[in-house]
Amino acid sequence: VDELVQEMLNSPVVAVVDVHGIGGQQIQSMRAGLRGTASLKMTKNNLILLALDRAAETKPELAGLKDSVYGQCAVVGTAMNPFKLFAKLESTKTAAAAKPGELAPYDIVVPKGPTPFGPGPIIGDLQKLGLPAKIDGGKIVINKDTTLVKEGEPFPANVAAMLPKLEILPMIVGLDLRVAYEDGVVYSKSVLDIPEDYYSTMFATAAQNALALGFSIAFPTEETIVPLIAK
C-alpha cells in the first residue's frame, strides 16, 4: 500500500486499467513495453482502494478512481498525458481465442464458404456444432452463414475449441484503460477514446468554413481580402 501511495502521489497521471483475460506472460511483455514511460502495478483490489483513500488525503480528486476498481485491474503511473496513455494502451491489444464461459462480444458468425480443413472426421465435429458442412472440391465447405453464439452469451466449450481452428479469434486482449487522473481532473474512457487527429481536423475544418463564409458574404479580413479583390 505504501508503494502504491507513493506511485499515485509522484505520478502526474494515475490510471486504472482492466487486465481481465491477460495471461502472466503477456502482462510481463506489456509491462516491458511500458518501461521508461509508465509503471504497471497489480495487487488485490482492497489494497488499491486503501492506497487511493490515503493518496486522496493529498490529492482529493484521486477518490474519483475508486468506482473503477473492480474485477481484475491494475494501477498505471506515468508522466504521459491521459490521451497519449490511452493510445499507448490501445496499441497493446491483440485478437485472442475465446475461453469457455466467456461472453461473446458480438454475434459469432461462421461465414459461408471453404474452411481450412480437407476431408476428414472433423466434418462431424462441425456438424455437431450446427454448422451445415459438406465436402466440395477437396475442402470442407460451410453452406451458409451460421451464428454459433449470440452477443452476450457464454461460449460453450466445444465452440471455444473449434473457433481457433476456423481462424476466428473473437476476443480482444490488452490493457483497457477505464479511467485516468491528471491535475485534479478525472477522465473517463469515453472522453479519451478519440482519434489522434480529431481536434486538429476539427479546427482545420472550422477555419476552412469560416474562410468560405467570409468570402461568400464579402467580409473583409486579412485572409479574405485578396480573393475578394480578385473576385
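The model is predicted, so local features need pLDDT of at least 70 and side-chain atom pairs count only at pLDDT 80 or more, while totals for chains, interfaces and linings use all residues. Residues are numbered from 1 along each chain as its sequence is written, and side-chain values use heavy atoms, with hydrogens and water left out.

Pockets come first. Rolling a probe the size of a water molecule over the atoms shows where empty space is left. Here a pocket is an open set of points on a 1 Å grid over the protein atoms alone, where a 1.4 Å probe fits, with protein on both sides within 12 Å along at least five of seven lines; lining residues have an atom within 4 Å of a point. A volume is the space filled by probe spheres set on the points, which are joined across faces, edges and corners.

The largest pocket has a volume of about 350 Å³. It is lined by 17 residues, and the closest to its centre are His20, Glu102, Met171, Ile172 and Val173. Strand 10, residues 171–173, contributes the most to this lining, with three residues. Strands (E, at least two residues) and helices (H or I, at least four) are DSSP runs, numbered from the N terminus. By class, the lining has nine nonpolar, three polar and five charged residues. Ala, Val, Leu, Ile, Met, Phe, Trp, Tyr, Cys and Pro count as nonpolar, Asp, Glu, Lys and Arg as charged, and the others, Gly among them, as polar.

The second largest pocket holds about 240 Å³. Helix 4 (82–90) and helix 8 each supply at least two lining residues, and helix 4 gives the most, with four. Among the lining residues are Phe83, Tyr198 and Tyr199.

Where is tyrosine 198 found? It is in helix 8, residues 198–216. Tyrosine 198 counts as partly exposed because its relative accessibility is 40%; buried means under 20% relative accessible area, exposed over 50%, and partly exposed in between, with a 1.4 Å probe and protein chains only.

Last, the backbone. Most residues other than glycine have a negative phi. Aspartate 183 has a positive phi, near 50°, and sits in the loop between strand 11 (176–182) and strand 12 (185–188). Aspartate 183 is exposed, at 72% relative accessible area. Alanine 218 also has a positive phi, near 55°, in the loop between helix 8 and helix 9 (225–230).

Back on the surface, Tyr198, Tyr199, Met202 and Phe203 form a nonpolar patch with about 440 Å² of accessible area together. Patch residues have over 30% relative accessible area and no salt bridge, with like charges joined within 9 Å and nonpolar side chains (Val, Leu, Ile, Met, Phe, Trp, Tyr) within 5 Å. A salt bridge is a side-chain nitrogen of Lys or Arg within 4 Å of a carboxyl oxygen of Asp or Glu. The areas come from the Shrake-Rupley method with a 1.4 Å probe, and for residues only the protein chains shown count as cover.
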